[in-house]
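Reader: Hi, I have this one open and want to go through it. Can you help me read it?

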Amino acid sequence: MAGVSIHKVEKRFGQVRVIHGIDVEIEDGAFVVLVGPSGCGKSTLLRLIAGLEDVTGGSIRIGGQEVNDMAPKDRDIAMVFQNYGLYPHMTVAQNMGFALKLSGVDKAEIASRVDNAAGILNLDALLDRYPRQLSGGQRQRVAMGRAIVRNPQVFLFDEPLSNLDAKLRVQMRAEIKQLHQRLKVTTVYVTHDQIEAMTMADIIVVMHDGVVKQAGAPLELYDRPTNLFVAGFIGSPAMNFLDATVTGGELALPDGQRLGVPEGATLAEGQVVRVGIRPEDLVMSDAGLQVQVAVVEPTGAEILIGAQLDDAPFTVVLRQRHALAPGQTITVAPMPGRVHLFDPKTEERLN
């Protein structure tokens with residue numbers, strides 16, 4: 001196993017700069033997820049680590065050794081792609097052991113490693129089948145087995161669950177996390193799904209437009225996003241944002257409604273702020289914000305309410321059951337300590 005050090009890494013395609021001097025330290029044995037919207041540079045960064053793209057500037061080290069000019073096959077990494085990439089004319093066992101065969105590993109060692117990986121991934125009964133005889137989840141496990149048999153220093157996953165249905169994605173998320181806990185191999189995982197990132201990662205690296213917006217533990221990013229982008233990206237449904245002005249020690253909204261200033265926030269009279277409130281941090285109350293219900297979506301465990309506040313969309317998630325109807329006006333209040341404040345100009349956190 002080995003850590004991965006990314007220092008001031010840049011990547012250009014011609015005159016287009018897609019990675020802007022990124023610094024990321026991945027500790028030995030960590031499970032790190034690169035997450036962000038399409039086009040943010042996360043897959044490009046993964047390909048730079050793998051050696052599938054050349055670094056324009058900066059350095060990448062694996063296990064303390066710079067790999068900028070090292071061929072992918074010499075980096076001691078194994079990659080799992082969104083497309084399983086299995087050979088249709090080979091059995092599961094042959095697919096899993098093919099890279100070892102090309103490397104000249106003897107048959108007995110290949111069989112031993114394939115059997116070991118099959119045991120880890122519950123593929124023992126499928127070793128003689130062909131890819132066409134497997135489900136999507138089974139094929140992805142075979143692709144993972146092909147990576148495991150190589151005993152790499154680093155696993156790289158590039159959106160491996162995107163081709164699976166929702167129920168199977170949840171199952172495979174748990175399987176990949178359990179696999180990491182068992183093997184303890186440094187893992188870099190790319191996804192655009194922030195729920196995947198939250199549930200799987202030790203550390204999440206949120207990217208946008210080729211830069212790192214914030215890196216930290218999942219709940220750290222959820223509880224204390226350092227900027228508006230991370231606040232809006234992490235969490236589902238997305239955080240509500242309101243513009244407010246500090247007036248008489250309160251936060252005055254454009255429609256005249258007011259909120260208390262969060263404890264510990266140092267604000268000046270007349271200062272304009274952007275208020276962030278997560279939908280799940282709101283509760284029904286006698287005093288707070290009055291919103292008009294537009295849509296009620298019961299999910300069983302929760303009620304998702306699409307509402308309007310001063311003609312702007314406002315989302316509320318309630319865990320208690322209430323008889324609500326479109327057009328009804330309700331009063332909701334944020335839980336104590338759950339209001340986030342940001343500077344609308346710099347987009348940085350204030351409290």
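This is a predicted model: local features need pLDDT of at least 70, side-chain atom pairs count only at pLDDT 80 or more; totals for chains, interfaces and linings use all residues.

**A walk through the chain**

Author: Start with residues 4-234. Their end C-alpha atoms lie 25 Å apart. The span is 36% helix and 26% strand. Helices (H or I, at least four residues) and strands (E, at least two) are DSSP runs, numbered from the N terminus.

Reader: What does the UniProt annotation call residues 4-234?

Author: "Domain: ABC transporter", according to the UniProt annotation, from an unreviewed entry. UniProt positions follow the numbering used here, feature names are shortened, and annotations may be inferred rather than shown by experiment.

Reader: How many helices and strands are in the chain?

Author: Eight helices and 19 strands. The C-alpha trace spans about 75 × 45 × 35 Å along its principal axes.

Reader: And what share of the residues is buried?

Author: Of the 351 residues, 47% are buried. Buried means under 20% relative accessible area, exposed over 50%, partly exposed in between (1.4 Å probe, protein chains only).

Reader: What about contacts across the sequence?

Author: Take the contacts with a separation of 6 or more. Residues 24 or more positions apart account for 66% of them. Contact means heavy atoms within 4.5 Å.

Reader: New topic. Is Asn351 buried or exposed?

Author: Asn351 counts as buried because its relative accessible area is 18%. Asn351 sits in the segment after β19 (339-342).

Reader: Which residues does Asn351 touch?

Author: Leaving out residues up to four places away in sequence, Asn351 touches Arg224, Pro262, Ala265, Val339, His340 and Leu341. A polar atom of the Asn351 side chain also lies 2.8 Å from the backbone nitrogen of Leu341.

Reader: Now Val295. Where is it?

Author: In strand β15, residues 282-298. Val295 counts as partly exposed because its relative accessibility is 40%.

Conventions:
Residues are numbered from 1 along each chain as its sequence is written. Side-chain values use heavy atoms; hydrogens and water are left out. A polar contact is a pair of N or O atoms within 3.5 Å; within protein, one must be able to donate a hydrogen and the other to accept it, and residues adjacent in sequence count only if both atoms are side-chain atoms.
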